[in-house]
Amino acid sequence: MALTNYPNGISSMGIPFPGTPSIYGNYWFVDTERGSDNNRGNSRSKAFSTMSKALSVAGTSDVIYLTGDCREELTGSNLVFDLTIIGCGNNPHHPDLPATGYRSGAATWRPPASPTATTPLIKVRGRGWRFVNILFDCPVDAAAIYLERNASSGTDEYDASHASVFNCRCDAGLVGIENSGGASFCTVKGNLFRGLSESGGAGIKCTSTSVAVPLSWTIEDNRFHNNASHILSSMSYSTIKGNTFGYFSATLSVDIDDQPSANQGERNFIWGNYLSGTYGATAYPPGTNNEWAGNFNSLTG
């Protein structure tokens, strides 16, 4: 999709352009190959080397540009809102280099060489975070992006609602996007969820509704291929449209009514998707007052 650069420096896909001034926040740069955490981090030539350093200085409405191979397990501040993290490069891919002296423009985020067990790559606790154009090489026992919400208030509150993920790739491992606690009003658009085939794995998964059942998600124009399941998440008043749900190895492909607990979620709209396998209540449970319409399925099953 072509990006239109509007006068305020924001593209038609919601991506800020670094060549234009931001009236909302600051720009930060991370280059894992040539950067240094002793740099100021505010330009390409003075980039940080770690995302940890960038998150330590970034504030509300800031933008972080990432290039290279990020191998970190991090937790974002619950008091930083509307932060955008954008991977450089034309499309998410591994930043493998053929020889010394070559520079990658792509952005990958994957576990450290010695990962901590059951630890996501990034825990989001502030509202409105956005991820764009990043290849997430998912942990084998955790999620790449972990949206967390608790029942606290004031400065102790975690609420990752209003998050968005655009044009990213969640590859291998356990879960692409995990929703814990009931983050709502999230947008997931134009991504690839692939090879999330560990036992219990899924592209998008809700593992706790301790605070609320997730509300008003938009899951649109994504591709799901070769996962254990594709979407296992309680939600209500949400829209799932224009997605390709390819091969899945578990019994359930898309279940949005009783995950993780029975009889949660209602009145969702699921339309205009391609649904592989057998289009029926086993792989695609209809749920409570959900409307499934205009979906496609192979005549041969």
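Which residue forms a salt bridge with Asp-171? In this predicted model, the partner is Arg-169, with the closest N and O atoms 2.7 Å apart. A salt bridge here is a side-chain nitrogen of Lys or Arg within 4 Å of a carboxyl oxygen of Asp or Glu. Both Arg-169 and Asp-171 are buried (under 20% relative accessible area; exposed is over 50% and partly exposed in between, with a 1.4 Å probe and protein chains only). Salt bridges with shared partners join Arg-169, Asp-171 and Arg-194 into one network.

Six salt bridges are found in a search of the whole structure. One of them pairs Arg-125 with Glu-148, at 2.8 Å from N to O. Arg-125 lies in the loop between strand 6 (122-124) and strand 7 (130-132), and Glu-148 in strand 9 (residues 143-148), so the pair ties together parts 23 residues apart in sequence. Strands are DSSP runs of E, at least two residues long, numbered from the N terminus. Arg-125 and Glu-148 are both buried.

A further salt bridge joins the side chains of Glu-220 and Lys-241, at 3.7 Å from N to O. Glu-220 belongs to strand 16 (residues 218-220) and Lys-241 to strand 19 (residues 239-241); the pair links distant parts of the chain, 21 residues apart. Glu-220 counts as buried because its relative accessibility is 16%. Lys-241 is partly exposed, with a relative accessible area of 25%.

Residues are numbered from 1 along each chain as its sequence is written, and side-chain values use heavy atoms, without hydrogens and water. Local features need pLDDT of at least 70, side-chain atom pairs count only at pLDDT 80 or more, and totals for chains, interfaces and linings use all residues.

How values were computed: Helices (H or I, at least four residues) and strands (E, at least two) are DSSP runs, numbered from the N terminus.
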